[in-house]
Amino acid sequence: MGKLRQLALQNVVPILFTVLCVSGIIAARADISLPILANDIVTRLSRNLFLVLSLIIPVVAGMGLNFGIIVGAMCGQIGLIVVENQGASGLGAFFAAMGVSIPFSLIFGWLTGLLLNRAKGREMITGMILAFFANGIYQAVFLLMAGPVIPLHNQRILLDGGIGLAITIDLIGTGGQLDRLLRPSIPFMGLPLFIPVATFIFIALLCVALRGYLRTKSGQELRAVGQDMHVAEISGINVDRTRMRAILISTVLGGLGQIIWLSNIGTMNTFQSHEQVGPYAIAALLVGGATVAHATIWHAILGTLLFHTLFQVSPIAGQILLGSAQIGEYFREFVAYAVIGVTLALHAWRTRRS
Amino acid sequence: MNPLDWLKRLGVTRTILAAFLLVLWIVSAVATELDLVLLFSDCLVRTGMNGILVLALVPAVRGGVGLNFGIPLGMVCGLLATVIFMNFDARGGLGLFGSIALGAALGAGAGWLYARLLEAVRGQEMMVGIYVGFGSVAGASILWLFFPVSNPELIWPLGGEGLRNTLVLDGYFKQWLDLKLAIPLGGTAFVPVGLLAFWLGLCGLVYLFFRTRVGMALSAAGANPRFAEASGIDVRSMRSLGVIISTAMGAVGIVVFSQSYGFVQLYKAPLLMAFPTVAALLIGGASVRVAKVSHVIIGTFLFQSVLTTSLPLVNALVGQAEGAQALTNLPEIARLIISNGIILYALTRKESA
């Protein structure tokens, strides 16, 4: 019994969210079609999971939740912009976008790493402000310089005046490529449930790679630094370099994840898409039971599932329970902030006590 | 004092921003037809409008909890007070000062709770503060949807849900402070004496507060907690006091902001307001650990003037040019880069580590 209680206490966040999701579904059962909900959830899982997974490495390295992931997301968008500008299309174009994003992710990830190494102990807030700052630079580049300074010429992605990228870009060449590749359906309660198998294989490869990496020497160093920076330093690990490595991996994965995310949606809000990524991916990871200091692949999977189920269900539940769909939207936003805020607070409280 | 020493005392950020502002003004005067008097009047209004919010950060920094990114908590309290007074149809000075008083009281209460939370998360105050700010704005959004009001001017005319996004202060207390004792400068330009006096008066009060026994104890608790503890100061309650004053002043700040702006912005409007506010304080020369009233005055004026000047300036310069519409985004982009750049600089400075 004591063991069960301990287990429940340790997993209080995922349990709470499971209860929320299930009661939301029950409350809204009249207005929810389960097969449609299932399709939505599968789509959202394939769309978001890669991004959520990209947050794990910095947590292991003791750098907390990587709010700077937005920098990676921007690099992913750079890849998409370049490829769409060329007018390329097909699966090749999709992977080309990934290829283009990687060098950018490495450069900007390196700069992020330099900054975060100067801000030990306050990596999260620095990463967050960095994301806002980078957003300014991104806008300056793609709103003011795209066209005259940066050789983007495809009128389809530019604003009418020829300066600045369009506010939304249809990803004609890269959209949906990976998802379409292999998307069988299985019957589920009378309706077909589509499963983007190729995307899930891609995500599974990342999971395997992450597990493998954490077992290598480099991965072990990461853990050591995450547990105690000073002990790691004394035992001969180059702490700054290890932390840099964590940020580089996370930024590159964040870029790839953003490409998967946007390709699935099919349109890019050029100046907004990246902003939404950080908070929601982080909240999803935390909902799965991860903390600032501990995150696993299972946390990411469970969290993404729960968070996005809640995302789907809460407006409908809000409509039925309180007569307002708007409240559901504010509620899920509140949940996203609250879950991050409470986790941060709990972590700080625990570290202080120990 | 030789000029080099003087520059050193001014500091890097202040020098750059002051030089930038000067350039903007010179360009405005030389290259455009902008009405400089009006521009200057706008700068003063915007300074007074934002000044109290910036001032509100000082007690928290002094108390040792760093930059108070949770200031939207205070703002939400101020907005709530304004909505309540508007609902009772309180107009003019009564509405304004009633909102200020009630807002400050609510802010003090919320600040007390917030201070208890921050006490539990020592070391991560700023990060937790950001989420307290976000959470309170999102939570208040739900409140606005359900808030029981009877005044038809506050709800959507055709039976939409909850309070309007923006409440119009015309006829309530729009620019009540701005126009008090205002010195007209011709046209629509004026010096908002009442607004500036109210802000500078509060600045003076805060300055005097830090000269009192309690104020000094508060500063000591923030600067060196162990030493303060040893000399018999209750560090925890002093720190809490800093947070409470800060949150209460945040409430006052948003009421004054709204009256000057002429609108009460609800829902998501205050979500990101902490960042430019913090940036203004830092531009004035403050850091994560040090903040003075002079930093508030200099920083608010410099930052707000740069923002106020750059928008019409860019519009006047770019204005008619073919296909250059995108360039009108320049001021907003500059604001993002300047305000977050300065916060990054403060967070990564060696002094603060």
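This is a predicted model: local features need pLDDT of at least 70, side-chain atom pairs count only at pLDDT 80 or more; totals for chains, interfaces and linings use all residues.
Colleague: What radius of gyration does chain A have, beside the 20 Å of the globule rule?

Modeller: Chain A is built from 15 helices and four strands, and its C-alpha trace spans about 65 × 60 × 35 Å along the principal axes. Of its 354 residues, 52% count as buried. For 354 residues the globule rule gives 20 Å, and the value for chain A is close to that, so the chain is as compact as a globular protein of that length, with a radius of gyration of 21 Å.

Colleague: And what percentage of the 353 residues in chain B is buried?

Modeller: Chain B also has a secondary structure of 15 helices and four strands, while its C-alpha trace spans about 65 × 65 × 40 Å along the principal axes. A compact globule with 353 residues would have a radius of gyration near 20 Å, with which the 21 Å of chain B agrees. Among contacts in chain B between residues at least 6 apart in sequence, 75% join residues at least 24 apart. As for burial, the buried residues of chain B make up 50%.

Colleague: In chain B, what is the handedness of the crossing of helix 5 and helix 12?

Modeller: The axes of helix 5 (residues 72-87) of chain B and helix 12 (residues 235-261) of chain B come within 7 Å and cross at roughly 55 degrees, which makes helix 5 of chain B oblique to helix 12 of chain B. The residues that meet include G74(B), G78(B) and A81(B) in helix 5 of chain B and A248(B), G250(B) and G253(B) in helix 12 of chain B. By class, this contact has 11 nonpolar, seven polar and no charged residues. The crossing of helix 5 of chain B and helix 12 of chain B is right-handed.

Colleague: Which elements of chain A give two or more residues to the side that touches chain B?

Modeller: The contact between the chains takes 40 residues from chain A and 37 residues from chain B. On the side of chain A that touches chain B there are 26 nonpolar, 10 polar and four charged residues. The elements that give two or more residues to this side are helix 6 (91-118), helix 7 (123-145) and helix 15 (325-353) of chain A.

Colleague: Which residues does L344(B) touch, leaving aside those up to four places away in sequence?

Modeller: L344(B) is found in helix 15 (residues 330-348) of chain B, and with 21 other C-beta atoms within 10 Å it is buried. The C-alpha atoms of L344(B) and A279(B), 65 residues apart along the chain, are separated by 9.6 Å. Not counting residues up to four places away in sequence, L344(B) touches T126(A), I129(A), L130(A) and F133(A).

Colleague: Does D89(B) count as buried or exposed?

Modeller: D89(B) lies in the loop between helix 5 and helix 6 (92-120) of chain B, and has a positive phi of about 65 degrees although it is not a glycine. Most residues other than glycine have a negative phi. With 12 C-beta neighbours inside 10 Å, D89(B) counts as exposed.

Conventions
Residues are numbered from 1 along each chain as its sequence is written. Chains are lettered from A and ligands numbered from 1 in the order in which they are written. Two residues are in contact if their C-beta atoms, placed from the backbone, lie within 7 Å. Ala, Val, Leu, Ile, Met, Phe, Trp, Tyr, Cys and Pro count as nonpolar, Asp, Glu, Lys and Arg as charged, and the others, Gly among them, as polar. The radius of gyration is taken over C-alpha atoms; the globule rule is 2.2 Å times the number of residues to the power 0.38. A residue is buried if 20 or more other C-beta atoms lie within 10 Å of its own, exposed if 12 or fewer, and partly exposed in between; C-beta atoms are placed from the backbone. Axes are lines fitted to C-alpha atoms, for helices over the stretch in contact, and angles run from 0 to 180 degrees between N-to-C directions. Angles under 35 degrees count as roughly parallel, over 145 as roughly antiparallel, 65 to 115 as roughly perpendicular and the rest as oblique. A crossing is left-handed if the near helix is turned anticlockwise from the far one by less than a right angle, and right-handed if clockwise.
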